[in-house]
Amino acid sequence: MTERPHLAVVGAGPAGLAAALAAAARGVRVTLLDAAEQAGGQFYRQPAAALGARRPQALHHQWRTWERLRDGLDRQLAAGHVRHLPDHHVWCVDRTAGADGTDDTGIIQDAPTGGTFAVHALRGPLQEEGVTVRADAVLLATGGYERVLPFPGWTLPGVVTAGGAQAMLKGGLVLPGRTVVVAGTGPLLLPVACGLAAAGAQVAALVESAGPKALPRHARALAAQPGKLAEGALYAGRLLRHGVRPLTRHTVVEAHGTGRLTAVTVAALDRDGQLVPGSARRIPCDTLAVGHGMLPHTDLAETLGCALSGTDVRVDGEQRTDVPGVWAAGEATGIGGAALALAEGHIAGRSVAARLHGTPPDPRRWAGAAKARRRLRKFSAALDALYAPPAGWVDRITDDTVVCRCEEVTAGHVRTSVDVLGAGDQRTVKLLTRAGMGWCQGRMCGPAVAGLSGCPATPGRRPFARPVPLGVLARLPEDEPD
């Protein structure tokens with residue numbers, strides 16, 4: 001009997017789960033690697049079993065979809081078609097040597113033990129043990145991360161990202177604070193504010209920089225997804241029942257406190273994104289959950305040499321990248337939410353299965369998912385335009401505001417590197433200021449540095465997607481046993 005072809009899926013969120021299930025159901029052996037201890041990703045993040053949550057569904061919507069994914073994964077695990085490796089932090093994916101002993105550069109290498117790709121990961125909470133999974137194909141479902149735009153006081157304890165507040169609630173069943181201001185822009189703010197209010201926090205304000213007057217320009221794309229609009233209306237109704245009235249066309253100007261957050265100042269924005277004189281107000285709070293949308297995680301794709309379209313991994317109609325044997329799905333190919341990630345993952349899994357079995361994929365088999373993908377991508381594009389960060393945010397960052405927290409680089413240092421020292425791109429700014437050289441490798445400060453310097457936000461291709469102990473690099477990690 002011929003051994004099943006092997007697919008490695010990086011990421012166990014909606015896209016990764018959908019792809020793994022679709023491929024496994026069609027005769028592919030799947031290894032599912034994920035940094036979390038449980039499958040689900042950020043969207044379906046589950047509380048730890050030791051917490052004994054009685055009603056975890058209360059923290060989620062689309063719970064039935066999650067149950068179908070979870071039950072499908074359990075069946076494939078029991079059948080031995082899927083292997084789930086939780087708490088595995090993938091730091092690099094590379095193409096192994098070919099049958100002739102050469103890699104894609106033509107250099108002679110040691111003969112591989114099997115497979116076309118080597119997926120390198122750090123195992124366990126300490127991330128000190130290296131392992132390698134070899135596979136015939138790789139699907140990147142690496143998700144996204146929050147865009148952080150600094151402002152005076154944003155480094156105070158008590159200031160967290162909106163997604164961070166949601167993760168604390170879903171995964172740890174804890175509130176980030178008692179009195180919370182939720183601020184920034186984007187559709188994530190509504191469920192975050194609703195979840196915190198339902199869990200017992202006082203949501204002092206929901207501060208949204210976008211305004212309702214922009215809705216008519218995107219009415220057609222938005223109306224094509226009535227379910228999404230109904231979901232937003234549901235959240236808005238819940239907020240009203242909790243006594244929270246959103247402050248649209250407003251932004252956080254400054255966070256206040258000595259040693260910890262005690263209040264924030266918010267102000268209204270005019271049509272050009274500038275502060276309206278005399279509109280500032282101070283809101284007491286002990287927590288600020290702030291977010292300005294999401295950005296795709298593309299580190300692994302860039303290491304493999306996959307082409308990008310702007311900030312997104314470029315894929316074709318089958319979710320294939322331009323690197324043979326590499327597929328991508330979900331937020332890595334463009335921020336669009338769980339429903340879009342599920343559609344893309346399903347298409348990718350079917351495509352992988354057909355390709356690995358040596359048969360041409362039949363797009364008619366995933367016509368429904370492709371139709372949903374088209375509609376949801378249009379909807380996501382409308383949301384991107386509607387919830388763009390407000391113009392003028394860069395001008396409100398004072399020179400003494402820390403921009404790069406890892407290296408303690410201020411906005412003044414970034415501006416000096418451009419205005420005085422002549423930096424003309426992000427790499428030169430980085431070399432002159434060290435902004436982006438710290439632990440997060442520019443993921444947090446990258447958008448702010450680009451905005452302050454006036455340089456285009458270019459992806460930085462790194463050999464590793466996360467810090468790796470020298471001991472792991474010094475010895476080749478052992479393969480995970482089958």
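A: Let us begin with a pair of helices: the crossing of helix 1 and helix 8 is right-handed. Please keep in mind that this is a predicted model.

Q: What describes the packing of two helices in general, and at what angle do the axes of helix 1 and helix 8 cross?

A: Two packed helices are described by the angle between their axes and the distance between the axes. Here the axes of helix 1 (residues 14-24) and helix 8 (residues 338-356) cross at roughly 30° and come within 7 Å. Angles under 35 degrees count as roughly parallel, and helix 1 and helix 8 are therefore roughly parallel to each other.

Q: Which residues of helix 1 and helix 8 meet?

A: From helix 1 the residues are Pro14, Ala15, Ala18, Ala19, Ala22 and Ala23. They meet Ala338, Ala341, Leu342, Gly345, His346, Gly349, Arg350 and Ala353 in helix 8.

Q: How is a sheet read, and in what order do the strands of the parallel sheet run?

A: Strands of a sheet pair through backbone hydrogen bonds, either parallel or antiparallel. In the parallel case, 5 strands form an open sheet in the order 3-2-1-7-20. Strand 3 and strand 20 are the edge strands, each pairing on one side only. From one strand to the next, the twist averages 20°.

Q: How many bridges join strand 2 to strand 3, and which residue stands opposite Thr31?

A: Strand 2 (residues 29-33) and strand 3 run parallel and are joined by 4 bridges. Opposite Thr31 stands Arg83 in strand 3.

Q: Which strands does helix 1 lie across, and which does helix 2 lie across?

A: Helix 1 lies across strand 1 (6-10), strand 2, strand 3 and strand 7 (137-140), and runs at about 165° to strand 2. An angle over 145 degrees counts as roughly antiparallel. Helix 2 (residues 63-79) lies across strand 2 and strand 3, running at about 110° to strand 3.

Q: Which strands form the antiparallel sheet, and in what order?

A: This open sheet has 3 strands in the order 13-14-15, with antiparallel pairing. Its edge strands are strand 13 (250-256) and strand 15 (281-284), each of which pairs on one side only. The twist averages 30° from one strand to the next. Strand 14 (residues 263-268) pairs with strand 15 in the antiparallel sense over 4 bridges, and Ala263 stands opposite Pro284 in strand 15.

Q: Which side chain does the side chain of Thr132 join in a polar contact?

A: The partner is His120: a polar contact of 2.9 Å joins the side chains of Thr132 and His120. Thr132 has its place in strand 6 (residues 129-135). Thr132 is buried as well, because its relative accessible area is 1%.

Q: Where are Asp87 and Gln319, and what is the phi of Asp87 and of Gln319?

A: Asp87 is in the loop between strand 3 (82-85) and strand 4 (88-95). Its phi is near 55°, a positive value in a residue other than glycine. Asp87 has a relative accessible area of 15%, so it is buried. Gln319 lies in the loop between strand 19 (312-313) and strand 20 (326-328), with a positive phi near 70°, again in a residue other than glycine. Gln319 counts as buried because its relative accessibility is 0%.

Q: How many residues of helix 12 are buried, and what covers them?

A: Helix 12 (residues 446-453) has 7 of its 8 residues buried, so it is largely enclosed by the rest of the structure. The buried residues are Gly446, Pro447, Ala448, Val449, Ala450, Leu452 and Ser453. Their cover includes strand 17 (294-296), strand 21 (402-404), helix 10 (411-419) and helix 11 (426-433). Just after helix 12, Gly454 takes a positive phi of about 75°.

Key
Residues numbered from 1 in each chain as written. Predicted model: local features only at pLDDT ≥ 70, side-chain atom pairs only at ≥ 80, totals over all residues. Heavy atoms only, no water. Pairing = 2+ DSSP bridges. Helix = DSSP H or I, 4+ residues; strand = E, 2+ residues; numbered from the N terminus. Axes fitted to C-alpha atoms, helices over the stretch in contact; angles between N-to-C directions. Buried < 20%, exposed > 50% of the residue type's maximum accessible area, 1.4 Å probe, protein only. Polar contact = N/O pair within 3.5 Å; in protein donor to acceptor, adjacent residues only side chain to side chain. Parallel < 35°, antiparallel > 145°, perpendicular 65-115°, else oblique. Left-handed = near helix turned anticlockwise from the far one by under 90°. Contact = heavy atoms within 4.5 Å.
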